[in-house]
Amino acid sequence: MIEIDLAQSSVRELNQRLHRIGPGDNEHHWHVVNPNGAHAIAVGLTAPVHIEIRGHVGYYCAGMNAVATVVVDGHAGTGLAENIMSGLVRVRGNAAQSAAASGRGGLVVIEGDASARCGISMKGVTIVVGGSVGHMSAFMGQSGALVICGDAGHDLGDSIYEADIFVGGKIASLGADCVEKEMTPADFDRVAALLGCAQIAADAERFRHYGSARRLYNFRIDHAAEY
Amino acid sequence: MCGIVGLFFKREIATPALGSLLAGMLSQMRERGPDSTGFALYGDDAPPGAFKVTLHELGIEYDWASLEGELATAFPLACRAQPYGSHAVFTIAADPERVFAWISACHPELDVFSFGERIEVFKDVGLPDAVAQRFGLAQRAGTHALGHTRMATESAVTTEHSHPFSTGADLCLVHNGSLSNHNRLRQTLQREGIRFATDNDTEVAAGYLTWRLRQGRNLTEALEAALGDLDGFYTFAVGTRDGFAILRDPIACKPAVLAETDDWVAMATEYRAIATLPGAAGAEVWEPLPATVYSWHRQ
């Protein structure tokens, strides 16, 4: 186990060491202490390492993550796991706006609440939120799944394409073209499996399913007068 | 961009470390606002019947001693002037309106940056460490303080266009964002008797709150009314003689973090500014909700 103290070394030094890890290297477990809200910690990882960060992190933590596991034992600032490709990013506290934005794959677990625009433009990532999410979450979501154990803010799934949203609590309002869909037995199984992967205790039976009505896919002649 | 910070101690007596803690918070926000830095300090009360006024002049060699002599012949001064280079704080036992009329008639070169029982406002072009040092921020005690690092978008990079803006007694505002209906609103407020020193959008928001408070609303009510009347992007931090408030617009694009302990409440654009405070690791930390007023008052 390697411990990096960000009170002693810079984020750049940490990230460069993480980027240099090669296939044969044995530096798999890292602890990062004293993050003190620093930005861009553990960004752009491509090796199968396990990183635990003790404290609150700033913007863009674990952005573009591939393969690696990054655990934040605290809160995360704007843009957590932005454009994640694969691997696992877990936050034990809350995440600020735009968590997992544009994520293409992998799993992002936020044990607390996520604020506005969680999963904005998601493109295949799976996001499991133990608490609630803010407004405009899954905005323009293209694929992947957003599982929300608590409540969702206004305009959930606005202009969504083909991502799936599962909500256990209440919804303030659905966004344009987002509608409730049937919760099939396969969907219940899928939610239960995702909660299991995320190690979040919640009853899959209480979740409801939301997605695209697909009315924004094509130009509708009825709207011609609006242009 | 822009960075804003606020620190509000819950106890009534002045905290000696307030200035040095605010300087540390501002320093963390330098990349967000390298154009200019400003802060408002709420320190000791002026003696009964007197008020404090922070004056500014463009040059750093202004003859404040001479101005003090002139002021003393026109008005009773409650204590000695405190010069800080381009700024000076005077404590005057007179009606503020008469003092402002005298200043604009006799010394039109001077800007009034703030007035009230407690508030003092300092702001200047430059990075936060340099500006804090210029005005001796680290040596200042007080009950609460707000600060701002500016990356200008709406108006010029000058001292006068820097934040905080103070448009009424003991009230000040710092802002991250931009307002789009400030020109029309400024005209409306001017008709209501609110005075503006610049063409800056944030000054209009400060003037708006002054106007609402003058109507008898409290700070929370004034900010709730602002949600309907101000159009644009904003995270605001507001200070009054005994209070401190935060408001984000309904879209909430402009970041904000709040933290609270038994001793203090802190607000910052980014958590790294709060991380510098004693007890930050154990503080409750959260992101303020959109269109929701958060306020704290000392009784």
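Tutor: Two residues are in contact if their C-beta atoms, placed from the backbone, lie within 7 Å. This is a predicted model, in which local features need pLDDT of at least 70 and side-chain atom pairs count only at pLDDT 80 or more, while totals for chains, interfaces and linings use all residues. Residues are numbered from 1 along each chain as its sequence is written, and chains are lettered from A and ligands numbered from 1 in the order in which they are written.

Student: What does the model score, and what is the mean pLDDT of chain B?

Tutor: The model has an ipTM of 0.89 and a pTM of 0.93.

Student: Which residues of helix 6 of chain B meet helix 7 of chain B?

Tutor: Helices (H or I, at least four residues) and strands (E, at least two) are DSSP runs, numbered from the N terminus. From helix 6 of chain B come B:A205, B:Y208, B:L209, B:R212 and B:L213, and they meet B:L219, B:A222, B:A225, B:A226 and B:D229 of helix 7 of chain B. That contact has 8 nonpolar, no polar and 2 charged residues, where Ala, Val, Leu, Ile, Met, Phe, Trp, Tyr, Cys and Pro count as nonpolar, Asp, Glu, Lys and Arg as charged, and the others, Gly among them, as polar.

Student: At what angle do the axes of helix 6 and helix 7 of chain B cross?

Tutor: Helix 6 (residues 201-214) and helix 7 (residues 219-229) of chain B cross at roughly 125 degrees, and their axes come within 9 Å. Axes are lines fitted to C-alpha atoms, for helices over the stretch in contact, with angles from 0 to 180 degrees between N-to-C directions. Helix 6 and helix 7 of chain B are therefore oblique to each other, since angles under 35 degrees count as roughly parallel, over 145 as roughly antiparallel, 65 to 115 as roughly perpendicular and the rest as oblique.

Student: And is the crossing of helix 5 and helix 6 of chain B left-handed or right-handed?

Tutor: Helix 5 of chain B passes helix 6 of chain B in a left-handed crossing, with an angle of about 40 degrees and the axes 9 Å apart. The contact is formed by B:H182, B:L185, B:R186 and B:L189 of helix 5 with B:D201, B:V204, B:G207, B:Y208 and B:W211 of helix 6. A crossing is left-handed if the near helix is turned anticlockwise from the far one by less than a right angle, and right-handed if clockwise.

Student: Switching topic, which peptide bond is cis?

Tutor: The bond from B:H163 to B:P164 is cis, with omega near 0 degrees, and B:P164 sits in the loop between strand 8 (144-150) and strand 9 (165-168) of chain B. In chain A, A:A42 has a positive phi of about 55 degrees although it is not a glycine; A:A42 is in the loop between strand 2 (29-33) and strand 3 (50-54).

Student: How many residues of chain A are in contact with chain B?

Tutor: 13 residues of chain A are in contact with 10 residues of chain B, and the chain A side has 3 nonpolar, 10 polar and no charged residues.

Student: What are the domains of chain A?

Tutor: Domain 1 of chain A is 1-83 and domain 2 is 97-227, with bounds from an automatic or database domain assignment. Their C-alpha centres are 27 Å apart, and 7 residues of domain 1 are in contact with 10 residues of domain 2.
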